[in-house]
Amino acid sequence: QVRLVESGGGLVQAGGSLRLSCAASGSFFSISAMGWYRQAPGKQRELVARITSGSSTNYADSVKGRFTISRDNAKNTVYLQMNSLKPEDTAVYYCNLDPRGYGLRDYWGQGTQVTVSS
């Protein structure tokens, strides 16, 4: 059984920084791509950043140059460093563990709220 627990969200002023963490229990972390998604009120969930098992990364255009995703396989943890935050970054941020390349289902965390005040 896989469980994902996000932490690090909160309230920050525009221009500030936050670091999100997602700790995974169970198997599959090292073989899985890991992603951070977000969902703002009234909007669809969108991909923010993704890192493969080989540590290749991709980012949404809206966060390129401001956010950095990283992973620590020894700790079964993925991080999202968010700098130069903007009010439009306000959303619930979700962690995703994706081993579907191996014919397995993906998993989601419960989400952590990030609020950026202007």
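Predicted model: local features only at pLDDT ≥ 70, side-chain atom pairs only at ≥ 80, totals over all residues.
## The disulfide

A search of the whole structure finds 1 disulfide. A disulfide is a covalent bond between the sulfur atoms of two cysteines. Cysteine 22 belongs to strand S3 (residues 18-25) and cysteine 95 to strand S9, so the bonded pair ties together parts that are 73 residues apart in sequence.

The torsion about the S-S bond of cysteine 22 and cysteine 95 is about -80 degrees, and the disulfide is therefore left-handed. Cysteine 22 has a relative accessibility of 0% and counts as buried. Cysteine 95 is also buried, with a relative accessible area of 0%.

## Asparagine 96

Asparagine 96 is located in strand S9.

The side chain of asparagine 96 reaches the backbone oxygen of tyrosine 107 at 3.1 Å. Not counting residues up to four places away in sequence, asparagine 96 touches several others, including Leu4, Ala33, Tyr37 and Trp108.

## Leucine 85

Leucine 85 lies in the loop between strand S8 (77-82) and strand S9 (91-98).

When neighbours within four places in sequence are left aside, the contacts of leucine 85 include Val12, Leu18, Phe67 and Val116. Serine 27 is 58 residues from leucine 85 along the chain, and the C-alpha atoms of these two residues are separated by 33 Å.

Conventions: Residues numbered from 1 in each chain as written. Heavy atoms only, no water. Helix = DSSP H or I, 4+ residues; strand = E, 2+ residues; numbered from the N terminus. Contact = heavy atoms within 4.5 Å. Polar contact = N/O pair within 3.5 Å; in protein donor to acceptor, adjacent residues only side chain to side chain. Disulfide = S-S within 2.5 Å. Buried < 20%, exposed > 50% of the residue type's maximum accessible area, 1.4 Å probe, protein only.
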